[in-house]
Structure formats: C-alpha cells, structure tokens
Amino acid sequence: MPEKLEFSRAVDCFGPNAGHNGRFLVQGPSGCQLQLISYDGEQSGWEQVSVSTGRRRSPNWLEMCFAKDLFWDEEECVVQYHPPLSQYVKNDRWCLHLWKPKHEQVPAPPSNLVGIVGVGPHEMKLWVDAQVAEIFARCQQSTGDLTK
C-alpha cells in the first residue's frame, strides 16, 4: 500500500493487517473527504475500489481518477461498469466502483477511436476551430456562387 494511503486507513472490520483490503478516508482533489473501500480480489478474482464523497453527489471524474491512481499503476486499465438496469445494485445511490480482473487484462478500444493520440485539449480546439472556419468559408463561397 502507498504510505499516504496506509495513513488514512480506518481500522474497522478489515482489521489492521488487511493489506489491500480496507476502508480509507482521504482528502480528495475536489476538496471533500472521500471514503474508499478496497478489495484485493483474492476471493472473487476482481480487484475493486468503491468511492463515495459523503455528500449527496456521486464522485466526479477527477475524484475517480484520484482513487484509481491510489490503488493501481498509471499504466493499468480499470473500468467502471454500466450494467443492464435489471442488474443494478442500488445499495448506495452516490457510490461508484472501479474494477479490474486479477487474472486477465481489461479489453479496451484502440486509442484512436477515442480521439487523436498525442493531441491535448488546446491543440484539439485549434484544429476544430480551423475545420469550422474552412467549412464556413466553403459555405460562403458556394452561397456566393449561387447568387451570381
């Protein structure tokens, strides 16, 4: 366990020597305390971290990324599932979960299906703005051609 995480362990039903299993109370990146409950997956085959804010809202993207980085390496792929409605478990309306199978890799789509690899938000905005300007110019040109 990372030292900063071990210091935030709440000694409870998991006991003081629970390894990666435990309940942790940490200051989140958005300013509120996060409750993190983790399971090492030794029995189920699935590593899991549940994340809740203690407020009447679900954790946001930044908080979920923060929790992921506390428990997994930055190069590991973990998922948040959106199951069929008939399979929802609704014990806590404001709690989200991260999952990773222990004995296989999570399949993921190729990065280029998500966006342009290596291009940040600023560069993407510039590219989109240029594309929109080009389309607008073509529309003006063709509208001008129609009026002649």
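The largest pocket holds about 630 Å³ of space. A pocket here is found on a 1 Å grid over the protein atoms alone, as an open set of points where a 1.4 Å probe fits, with protein on both sides within 12 Å along at least five of seven lines; lining residues have an atom within 4 Å of a point. Its volume is the space filled by probe spheres set on the points, which are joined across faces, edges and corners. The model is predicted: local features need pLDDT of at least 70 and side-chain atom pairs count only at pLDDT 80 or more, while totals for chains, interfaces and linings use all residues. Residues are numbered from 1 along each chain as its sequence is written, and side-chain values use heavy atoms, with hydrogens and water left out.

The lining of the largest pocket is made of 15 residues, and Y81, P83, V89, C95 and H97 lie nearest the centre. By type, this lining has 7 nonpolar, 5 polar and 3 charged residues. In this division Ala, Val, Leu, Ile, Met, Phe, Trp, Tyr, Cys and Pro count as nonpolar, Asp, Glu, Lys and Arg as charged, and the others, Gly among them, as polar.

The second largest pocket has about 250 Å³ of space. Among the residues that line this pocket are W61, M64, C65, K68 and D69, together with C77 and L98. Helix α2 supplies the largest share of the lining, 5 residues. Helices (H or I, at least four residues) and strands (E, at least two) are DSSP runs, numbered from the N terminus. The lining of the second largest pocket divides into 7 nonpolar, 1 polar and 3 charged residues.

Rings of Phe, Tyr and Trp (its six-membered ring) pair if their centres lie within 6.5 Å; planes under 30 degrees apart count as stacked, over 60 as edge-to-face and the rest as tilted. Counted this way, there are 4 aromatic pairs. W46 and Y81 make an edge-to-face pair, because their ring centres are 6.1 Å apart and their planes stand at 75 degrees. This pair links distant parts of the chain, 35 residues apart: W46 is in strand β4 (residues 46-52), and Y81 is in the loop between α2 (61-71) and β5 (96-101).

Elsewhere, F24, F71 and W72 form one aromatic cluster.

Strand β4 also contains Q48, which is buried at 13% relative accessibility. The side chains of Q48 and H97 are joined by a polar contact of 2.7 Å. Such a contact is a pair of N or O atoms within 3.5 Å; within protein, one must be able to donate a hydrogen and the other to accept it, and residues adjacent in sequence count only if both atoms are side-chain atoms. The S38 side chain reaches the backbone oxygen of H20 at 2.3 Å.

How many disulfides does the whole structure have? The search finds 0, a disulfide being a pair of cysteine sulfur atoms within 2.5 Å. Two cysteines show why. For C32, the closest cysteine sulfur, in C95, is 13 Å away, too far for a bond. C32 is buried, at 3%. For C77, the closest cysteine sulfur belongs to C65 and is 12 Å away, again too far for a bond. C77 is partly exposed, at 34%.

Technical notes. Buried means under 20% relative accessible area, exposed over 50%, partly exposed in between (1.4 Å probe, protein chains only).
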